[in-house]
Structure formats: C-alpha cells, structure tokens
Amino acid sequence: MNIHSPHIGLFIPCYVDQFYPKVGVATLELLENLGCRVSYPMDQTCCGQPMANAGYERDTIGTSERFIDIFGEYDYVVAPSGSCVLHVKEHFPKIQGKEEAQHQLHHKIFELTEFLTDVLKIDKPTGKFPHRVGYHASCHGQRGLRLASSSEMNISPFNKAKMLLENLEGLEWVELSRKDECCGFGGTFAVTEEALSLRMGKDRLEDHLAHEVEILTGGDMSCIMHLQGIASREGRKIQFMHLAEILNQAMK
Amino acid sequence: MSSRKKILNAIRGISREEKPLPSLPDYGVSGNLEEAFSQSILGNKGEILTTLELEAWIKEQRFEKVIALAAGFEQYSNFETPSDPHELDDLNLAILEGQFGVAENGAIWLDDSQLKHRVLPFITEHLVLILEKKNLYPTLHQAYQKIGNEFSGFGLFVAGPSKTADIEQSLVIGAHGAKSLRVVLI
Amino acid sequence: MSHPQAASEFLKDQAKAKWHDETLWFVRDKRDRISKSIPEWEDLRNLASEIKDNVLSNLENYLVEFEKNALKNGIHIHWAKDAEEHNQIVLGILQKQKCTAIVKSKSILTEECHLNPYLEKNGIEVVDTDLGERIVQFLNQPPSHIVLPAIHLKKGEISELFHEKLATEKGNEDPAYLTNAARLHLREKFLGAKVAITGVNFGVAETGEFVVCTNEGNADMGVHLADVHIACMGIEKLIPRRADLGVFLRLLARSATGQPVTNYNSHFRSPSPGKEIHIVLLDNGRTAQLAREKFRNSLKCIRCGACMNTCPIYRRSGGYSYGSTVPGPIGSILSPGLDMKKHSTLPFASTLCGSCTDVCPVKINIHEQLYEWRQEITKTHGELGKSLSMKLASALFKSPLAYKISGNVMRSALKNLPKSLIYHPINSWGKGRNLPETPSESFKAWYQKNRS
C-alpha cells in the first residue's frame with residue numbers, strides 16, 4: 001500500500017454491515033489487494049434510502065448531512081451497493097451550507113464495479129473461478145448508475161460486471177432470457193407489495209435456474225437477499241455471492 | 001369568462017423556461033429503397049405485385065364491383081363511383097394511385113386528389129395501390145418534406161391491410177377495413 | 001381497493017397472470033428489436049422530447065395558432081375546461097344533429113371524461129369500434145391497457161361473450177372467426193352512424209390539422225361515412241410543425257407494438273364538402289399539471305403504452321389494479337395530479353426500476369416522478385404512524401451508538417426468535433422468503449478487531 005495513493009472511504013450499507021459482513025470484508029480485501037489505501041469510518045450509518053424511497057426524503061437531512069461530513073476527507077467513497085450509491089448521488093436532499101462538499105461527494109462516490117473499471121481501470125483481472133455464473137443486474141446499478149447498457153436502449157452494449165468476470169479462468173458467464181428485469185425487491189416494496197414482489201423474485205430466480213446457473217451474483221445484496229430468501233424457502237440448489245466475493249476469491 | 005380564456009390565461013400564468021424548437025435532421029435508410037420498401041410492405045402483411053400478376057389476379061377473382069381510379073388501370077373499373085359513399089359497402093376492389101411511398105415502413109401517401117370518397121381505401125374489400133418506383137423516399141422525414149405545406153383536406157399514409165391483434169395478441173387481417181393490400185410498383 | 005390488494009387478487013390466477021406477463025413481454029421484446037433496427041433511435045427520442053418541451057413552454061401560443069388555422073380550414077373549435085363541459089359540448093353537437101347513435105374509435109380522453117355513460121344517460125347509443133374496446137364495452141369494463149384494451153381477457157372468455165352478444169358458434173375461439181363476427185356487426189354500425197367520434201394522436205399548430213392512427217381502420221370507417229366528425233383532444237397533443245410528425249410517427253407504433261408504423265395514419269385538415277369536423281380541446285387538469293414543475297413533462301406522453309408493456313409490476317398486476325383511466329407507470333404519475341387521495345398508492349406500486357424511463361419515446365423521467373410523487377403524497381396523506389416511525393428510524397441512524405445497539409439487538413433477536421414468529425403470516429417478508437442467516441458479528445465489529 002502506498003501512503004500517497006488516494007484515500008478511499010469504504011461505505012458499507014447498513015444491511016450489509018448487519019447481515020453480510022463477509023461482503024464488506026471481501027470488498028475491503030479486494031481493494032487492499034489491488035493496492036488501494038482504504039479506511040472504514042467507524043461512525044457511518046444508513047444512507048437514508050429506505051426513508052427517502054418511502055416518501056420521506058425531507059426527514060433524511062440529518063443522516064445525509066452526517067454522511068457528507070464523515071466521508072468529506074476521503075478522495076473516493078466506494079460501496080458494494082449500486083442502490084445506496086445512487087441514493088447518495090440522486091436523492092440526498094440539498095444540505096444548506098454544504099453545497100460544495102455535497103457536489104464533491106456526488107463525483108467521488110462509486111459503486112465497487114464502476115470503481116474497479118472506471119477509476120482503477122481494471123479490464124481483465126487475472127484469477128480463477130471455475131463456475132457457471134448468472135448476473136443479477138440491480139436496477140439502481142443498471143439504469144441508475146449505468147453499470148450496463150439497458151436492454152430498452154439502442155446503444156452499444158456494455159456491462160462493467162461482465163467485463164470484470166468473463167475473463168476469470170473457468171468462469172462461464174450465463175446469458176439470461178430477461179437480462180435486466182427487476183427482481184421485485186424495491187426496498188419497502190418488498191413488504192408493501194408482498195405478493196408482487198414475491199412473484200417477480202420467483203420469475204427472476206426461475207430464469208437463472210432454467211439456465212443452470214450455479215452461482216447467482218450481483219452488485220447489490222438487497223436484491224440478492226430477496227432472491228436468496230426465496231431460493232432458500234423453496235429449497236433451490238443455487239448459491240449466492242456478491243461480485244466482490246467472487247473477485248476477491250478469484251484474484252487472491 | 002369563457003373556457004377558452006380560462007385555459008389560455010391559466011397557461012399564461014405559469015412561468016416556464018423557454019425551450020428551443022430543435023431543427024430536424026434528415027435521417028435516411030441504408031440499402032436499396034425498392035428492396036427496403038417491399039420488405040416493409042410484406043412485414044405489414046401486404047403484397048407486392050407486378051402489373052402482370054395484378055392482371056392475372058383480377059382475372060381469376062372475377063370481382064363484381066371494382067373501382068379503378070389509377071391512371072392506366074381504368075379498364076378494370078366496372079362500377080360507377082356512387083355519390084353516396086354508403087353505397088360502396090359491397091365494393092370488392094379499389095385500385096388507386098399512391099403519390100409516393102416510404103421505404104422504412106411501407107407507408108403510401110394519398111390525399112383527396114386520389115380519393116373520390118375518403119372512405120374508399122377503407123371500405124373496399126381489397127385495395128390495390130399503384131406506385132411509381134421513382135416516388136420512393138427513405139424515411140418519413142423525407143416524406144413530410146415532400147408533402148411540405150401542400151393543402152389537402154384529408155391525407156393518409158396507408159401501410160398495410162386493416163388488422164387487429166386484440167384477441168390474445170393473435171394477428172388477424174381484415175378487422176374493419178380492407179382485407180388485403182397489394183402494391184404494384186411501376 | 002389499493003394497488004397491493006388488487007395485485008394480490010390478479011396474481012391468484014397464476015396461469016393467467018403468467019400469460020399476461022409473457023404476452024406483454026413479447027410486445028416489449030418486439031419493440032426492443034425494431035427500435036434497434038433504427039440507428040438514430042436514441043436521437044429520435046431526444047428530438048421528440050425536445051419538441052414536446054418546446055410545445056409545453058409555448059403551449060398558449062401553439063393553441064392559438066392551431067385554433068386559427070383549424071378555423072380557417074372550416075373546422076369548429078370548442079374549449080372545455082373539464083370533463084363535464086367536454087361531455088356537454090359533445091352532447092350539444094349530437095342534439096343539434098338529432099343524432100341518437102354514434103360510433104367512436106379509441107380515445108383514452110373520452111374514457112377519462114366518462115363520456116360513454118354520460119351520453120347513454122342522455123339517450124345516445126355509443127358503439128366503441130376498436131375491436132378490443134368493443135369487447136370490453138360488451139362487458140361494461142374500461143380498457144385495461146391504453147393500446148391493447150382487452151389484453152386481460154383470454155379468447156375463451158371473448159368467445160363466450162360473442163356467443164352471447166353476436167350469436168357466434170358456441171366454443172369457437174378462433175380469433176379470425178371472432179374478429180370477422182365483430183367486423184360484420186360493426187359494419188352495420190358504421191353504415192348507420194351520423195356522427196363519429198375519434199381521439200387525436202397529434203394536432204399540428206402550423207396547419208390546424210390533426211392525425212389519427214389506427215391499425216383496424218375503424219376511425220376512418222366511422223368518420224368518412226358520418227356527416228359529423230367530433231375529435232376529442234387534450235390540449236397537450238399539439239406539435240408545432242407538420243414535419244415533426246416524421247419524428248413522432250417513427251416512434252409511436254414502434255414503441256407501442258413493435259411495428260414500423262400503424263397501417264392507417266389519417267391527416268384531417270378540413271371537412272369533406274357538406275360535412276362537419278368539430279374539435280373539442282380539453283384541459284381537465286392538464287394546466288394544473290403544467291404548473292407542477294416536477295411533473296410537467298408527464299404531459300409529453302404520446303400514449304404509446306410502452307411503459308406498461310415494460311413494467312414488471314403492470315405485467316403482473318394487470319391494468320385494473322391501478323384503478324385509474326391510464327394505468328401503469330405513466331398513469332401513476334398522471335393520476336395523482338387529478339385526485340391525489342384516490343390514487344395515493346399508485347406511486348408506490350413500483351420498485352423504481354427505471355425501465356419505463358428508458359423505454360419512453362419522449363423521454364419522460366417516469367420513475368423519478370414516481371419518487372417525487374411519493375414525497376408529495378406523504379406530506380398530505382402519510383399515515384402519522386408511518387411518518388413517526390420513519391422519523392424514529394432516521395433519528396436512530398443519525399446516532400451511531402443507537403444504530404450499533406439496534407443492529408446487535410436485531411441480529412440477536414433474529415437468532416433467538418422462534419421461526420413461527422419470524423414467519424408469522426403478518427410478517428410479509430417471511431411469507432414466501434427466508435431471512436438471511438445472521439452472522440456472528442457485524443462488519444463493523446470485524447473491522448474493529450482486524451484493522452484498527
């Protein structure tokens with residue numbers, strides 16, 4: 001690690017912190033192994049997305065202000081979640097007196113995949129991961145952060161996650177029938193529209209199962225938590241890993 | 001206050017940023033226009049015929065009521081266009097001239113000057129449109145440039161036969177209007 | 001019924017719900033393929049969006065220009081501030097013509113105004129002539145989709161309905177057979193109607209003409225046989241120039257059904273000799289929406305229905321689950337502007353996945369407006385408890401200590417709670433999904449041990 005290399009503030013979303021610490025560890029180790037200087041600010045909390053998406057953005061001024069303060073000192077902020085990063089970028093309420101810091105945050109915060117491809121400029125990581133992998137494109141990463149071209153648009157196809165994964169030795173990238181359909185998690189939607197959420201999740205899972213996916217991966221544990229919850233309830237034989245876990249394991 | 005005034009005043013009272021009207025680029029299509037046009041017509045469930053094929057088809061069908069208004073095809077008419085369009089109800093075939101066609105989608109432009117009655121291309125059981133090959137344009141952009149500000153009380157782009165998919169998305173040709181469209185490129 | 005309740009009902013018939021999803025996905029897929037055959041597709045979307053932006057920023061001028069030109073062409077222009085006035089105007093024209101039966105082609109605007117029941121109450125027989133609309137009219141239902149009105153019905157149901165209404169053979173479910181029966185039935189209606197009503201796809205300010213697009217030819221069959229044509233048009237339907245039609249017609253049908261253009265695109269500029277054309281220009285909440293800056297560009301909508309076909313919620317909950325004239329994503333940003341209380345659950349009937357925004361031919365930021373409507377709705381219709389608990393959560397997350405404690409409590413609670421409690425039916429997460437296994441420590445705790 002180079003003390004002069006840019007300092008990365010690691011943002012671990014609250015549910016990852018609580019339910020998927022191994023994803024946080026994998027993200028940290030991966031970045032460290034790539035030579036990054038990474039720190040995890042201990043006093044970080046939730047970014048406020050659940051409240052804002054429920055219609056209470058105005059009540060997230062406190063959490064947003066706190067977030068801006070905590071991560072102000074870092075050169076980059078990186079999180080293993082497209083959804084939370086999108087929230088910070090698009091749905092933080094305007095904080096009076098912190099306009100400059102907020103503006104800077106908007107441009108220095110990255111979801112892990114895009115940080116690897118766009119900032120660290122990694123295009124062909126070397127490593128081994130001999131498995132059939134299906135990728136769940138979380139909508140906030142996909143259409144919010146544009147981590148991949150959306151199937152609706154007539155633009156040159158690209159997929160940053162695929163770029164990182166497909167060259168790993170032994171990895172079989174699985175093309176799905178509906179490559180970027182929503183899984184139905186949607187935050188509070190998962191409980192307020194329970195029947196629909198479940199139906200959508202089952203359909204998404206079915207697509208992966210029909211293509212004999214061995215490991216379902218993605219950049220957002222929230223979607224994966226939902227899909228894993230269904231798979232586990234139905235006793236489906238399919239494994240779930242965050243993209244950071246695959247890369248960290250393969251590149252070690 | 002009249003509703004007209006109320007609506008216009010309401011709009012005037014809304015402060016809005018001026019947004020400029022963009023100029024329209026001139027997009028074309030790649031490849032041969034006639035080929036592209038024919039593919040479009042087929043895709044719209046129409047057919048492309050030669051003059052000879054048309055002649056053979058008409059001979060074989062022995063239609064009772066045919067109105068042919070296209071120049072050079074008048075000989076097929078066997079029915080005087082009635083003054084009341086309702087009397088066209090049992091018309092078997094109308095042969096009309098199209099002003100020009102659009103390669104990207106098969107749309108063919110007709111206006112009042114081709115139509116003795118506006119209902120003609122709809123009410124007829126079968127429709128044949130005669131189109132000169134030289135009158136093909138790549139896209140609707142060129143088509144509207146061609147139409148320009150020419151005045152016609154009614155103008156129509158027809159691109160295929162009457163169709164519907166309202167029952168389980170199953171395509172059915174001949175919903176209310178013409179059950180077939182045949183285009184003769186000359 | 002709220003959206004979640006209606007969606008649960010719809011999903012009970014699993015086979016039909018699956019069919020509905022797959023059928024609409026098929027339409028979207030067709031749209032995807034054809035849009036990718038046009039290299040300038042994304043440019044066209046930008047152009048359409050910019051043209052509509054320009055229209056909305058100059059709407060008053062374009063309306064006056066449109067009116068002036070239409071009057072010059074011998075078209076009668078009427079202005080209606082709301083649905084009631086709209087319906088009165090239409091009835092007035094019919095009464096003047098002593099007309100008691102009309103044919104009407106597809107017009108979502110007349111659905112919005114509930115024109116049919118109004119006219120029927122006043123002794124007018126209204127026949128919807130679009131096949132899908134005729135089907136739902138027989139059933140006394142509104143359309144469940146703005147482009148595919150009967151998409152919620154299976155051919156078996158339509159076969160039974162036609163057997164009853166049109167005396168078709170019992171059990172004959174062949175779409176071609178059923179369509180032909182409707183053709184014969186509606187041909188009589190076309191031949192008998194003195195007045196025909198249509199909607200309007202586009203009004204052109206510089207010429208005073210308007211364009212109506214159909215595949216069936218039903219609009220034209222109606223209006224050209226009738227003496228009087230009434231075109232019902234929202235004030236936002238204007239475009240400045242005739243040449244702009246090139247942009248919009250290239251986008252409309254491709255977005256709607258994946259076909260390159262509708263088979264009939266009729267441009268009405270002046271009536272045939274001896275006949276009349278009337279245009280009713282309707283506000284009905286449109287100026288109010290124009291005044292809402294965040295929601296203004298919802299008025300760009302050209303009613304292609306692509307956002308419905310792409311919406312994973314719409315496909316799995318059906319049009320009726322929305323309880324609004326325009327269902328689906330676009331309806332969910334238009335309807336709260338008309339009646340926020342009635343439609344308060346609609347902006348929440350979304351995962352904010354953004355597919356609607358990417359598919360929209362006029363680039364309406366639909367999912368962002370859904371988010372914005374949520375912020376508005378909770379101000380006036382948020383349940384107090386929800387509001388408080390959210391405030392509490394916000395306060396909780398603001399304090400790192402409280403967050404840590406709550407996290408620990410949460411994790412140990414999950415570990416120690418009996419399964420029956422976690423998966424109690426009222427716990428809607430646990431109904432069909434397991435919770436994640438709870439790790440022994442949080443990331444924060446791990447970091448503290450291993451890095452600091």
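What share of the 252 residues in chain A is buried?

View 1. Buried residues (under 20% relative accessible area, 1.4 Å probe, protein chains only) make up 65% of the 252 residues in chain A. Chain A holds 13 helices and eight strands, taken as DSSP runs (helices H or I, at least four residues; strands E, at least two). Its radius of gyration is 18 Å, which agrees with the value near 18 Å of a compact globule of 252 residues; the radius is taken over C-alpha atoms, and the globule rule is 2.2 Å times the number of residues to the power 0.38.

**View 2. Contacts within chain A.** Of the contacts (heavy atoms within 4.5 Å) in chain A with a separation of 6 or more, 78% join residues 24 or more positions apart.

**View 3. The contact of chain C with chain A.** Chain C contributes 77 residues and chain A 71 residues. The two chains bury about 6,400 Å² between them, with 58% of it on carbon and sulfur atoms; this is the accessible area (1.4 Å probe) lost on putting the two parts together, summed over both. On the chain C side, Y371(C), R433(C) and F443(C) lose the most area to chain A, together 12% of what that side buries.

**View 4. Chain B and its neighbours.** Two pairs of chains touch, and chains B and C have the most contacts of these. Chains A and B do not touch, their nearest C-alpha atoms being 16 Å apart.

Residues are numbered from 1 along each chain as its sequence is written, and chains are lettered from A in the order in which they are written. In this predicted model, local features need pLDDT of at least 70, side-chain atom pairs count only at pLDDT 80 or more, and totals for chains, interfaces and linings use all residues, while side-chain values use heavy atoms, with hydrogens and water left out.

Methods
Buried < 20%, exposed > 50% of the residue type's maximum accessible area, 1.4 Å probe, protein only.
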